[in-house]
Amino acid sequence: MLTLFLHKKMVQGQIGDVQYANGIIQFQAVKLNVHAFVIDGIAIDTGAHSLVKQFLQFFSTQSVNAVYCTHVHEDHTGCAAALQKQYDLPIYLDGLSVGEARKKGKYPLYRQLFWGRRKAFIASPLPETFQSRTFEWRSIFTPGHAADHTAFLNTSTGQLFSGDLFIQARTKVIMDTESIPQIIRSLEHVLSYDFEEVFCSHAGHLPNGKEQLRAKRDYLCSLTEEVTDLHEKGLTNKEIEHKLFPRVYPITRFSSGQWHTKHIITSILGEK
């Protein structure tokens, strides 16, 4: 089985008052990772079930009162059921996905091989604002990567936990369910808040995070203009794709096209 050839690694550490665990999985040229964070008694995201032993070991060293998930994707909620069973923790998730969380995760086989099979868990709808032991927080709805995506702002410290809103500044591939225009709107929304430091579920700690989120917004806006201009000049979607993104990325082949540069083009032109 493919799982026998997956290389798994866990890196743990601390940045200021934030503890983190970073689970890394690699198969040939495809390398994926995901973080879980703990700060002031709350966990943000739970990690993937394929690394459940490693993430549970991390959480066993932490003092956690509640779990807040940025979205229902399996690499962010994969250990939610195990945490709930072992520690009876309340878990919060955007209301759009509370029902989905009660069922076993359904997603393509390649994602199951990387991230494992998410088990069902019970979640409560995210509050707009909440408190940890000493800090005040705000949930910021930021759809685009996922319909239920939410970032968490520690309004007491100016730390933003951005889930999958950032990942990288210059997006080259997206899933077929993602929307570039919606991501731009979510970036605009989150940039209206007061913060500097960002903790990204994949890129990790970004000390100048607001600047990097702004750079991503600017890149996606510029990309939208390029795609629109080429479309208005009569180029087909395929021609635009080849012109702007000539490289084929390993994740595109491995995911049988669920991750692909062409989805950037179609999502942009879909709102024109």
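1. Ground rules. Since the model is predicted, local features need pLDDT of at least 70 and side-chain atom pairs count only at pLDDT 80 or more, while totals for chains, interfaces and linings use all residues. Residues are numbered from 1 along each chain as its sequence is written, and side-chain values use heavy atoms, with hydrogens and water left out.

2. The seven-stranded sheet. This one is open, with mixed pairing and the order β1-β2-β3-β4-β5-β6-β7. Strands here are DSSP runs of E with at least two residues, helices are runs of H or I with at least four residues, and both are numbered from the N terminus; two strands pair if DSSP finds at least two bridges between them. At the edges sit β1 (7-15) and β7 (124-125), each pairing on one side only. Helix α1 (residues 52-60) packs on the sheet and touches β1, β2, β3 and β4 (42-44), where touching means heavy atoms within 4.5 Å. The direction of α1 makes about 20° with that of β3; axes are lines fitted to C-alpha atoms, for helices over the stretch in contact, and angles run from 0 to 180 degrees between N-to-C directions.

3. The β2/β3 pair. Strands β2 (residues 18-27) and β3 (residues 30-39) run antiparallel and are joined by nine bridges. Y20 stands opposite F37 of β3. In the loop between the two strands you'll find Q28, a residue other than glycine with a positive phi near 55°. Q28 is exposed, with a relative accessible area of 65% (exposed is over 50%, buried under 20%, partly exposed in between, using a 1.4 Å probe and protein chains only).

4. The six-stranded sheet. The second one to look at is also open and mixed, in the order β8-β9-β10-β11-β13-β14. Its edges are β8 (129-131) and β14 (204-206); each has a single partner strand, so one side of each has no neighbour in the sheet. From one strand to the next the twist averages 25°. Helix α7 (residues 209-232) packs on this sheet, touching β11, β13 and β14, and its direction makes about 65° with that of β13.

5. Five of the five residues of β11 (residues 159-163) are buried, so the strand is largely enclosed by the rest of the structure. Both faces are covered: Q159, F161 and G163 are on one side, L160 and S162 on the other. β11 pairs with β10 (residues 150-154) in the antiparallel sense over three bridges, with F152 opposite F161. Four residues lie between the strands in this hairpin, and G158 takes a positive phi near 80° there. β11 also runs parallel to β13 (residues 197-200), joined by four bridges, and G163 stands opposite C200. As for β10, five antiparallel bridges join it to β9 (residues 136-141), and F152 is the bridge partner of S139.

6. T77, in helix α2 (residues 74-77), counts as buried at 0% relative accessibility. Leaving aside neighbours within four places in sequence, T77 is in contact with T46, G47, C69, H71, V72, R118 and F121. In helix α3 (residues 80-87), the buried residues are A80, A81, A82, L83 and Q84; they pack against α1, β5 (66-68), α2 and β6 (91-93). Just after α3, D88 takes a positive phi of about 55°.

7. Pockets. A pocket here is an open set of points on a 1 Å grid over the protein atoms alone, where a 1.4 Å probe fits, with protein on both sides within 12 Å along at least five of seven lines; lining residues have an atom within 4 Å of a point. Grid points are joined across faces, edges and corners, and a volume is the space filled by probe spheres set on them. The largest pocket has a volume of about 820 Å³. Of its 32 lining residues, L32, I167, V173, I251 and W259 are closest to the centre. The second largest pocket has a volume of about 280 Å³, and of its 18 lining residues V72, H73, E100, R111 and A146 are closest to the centre.
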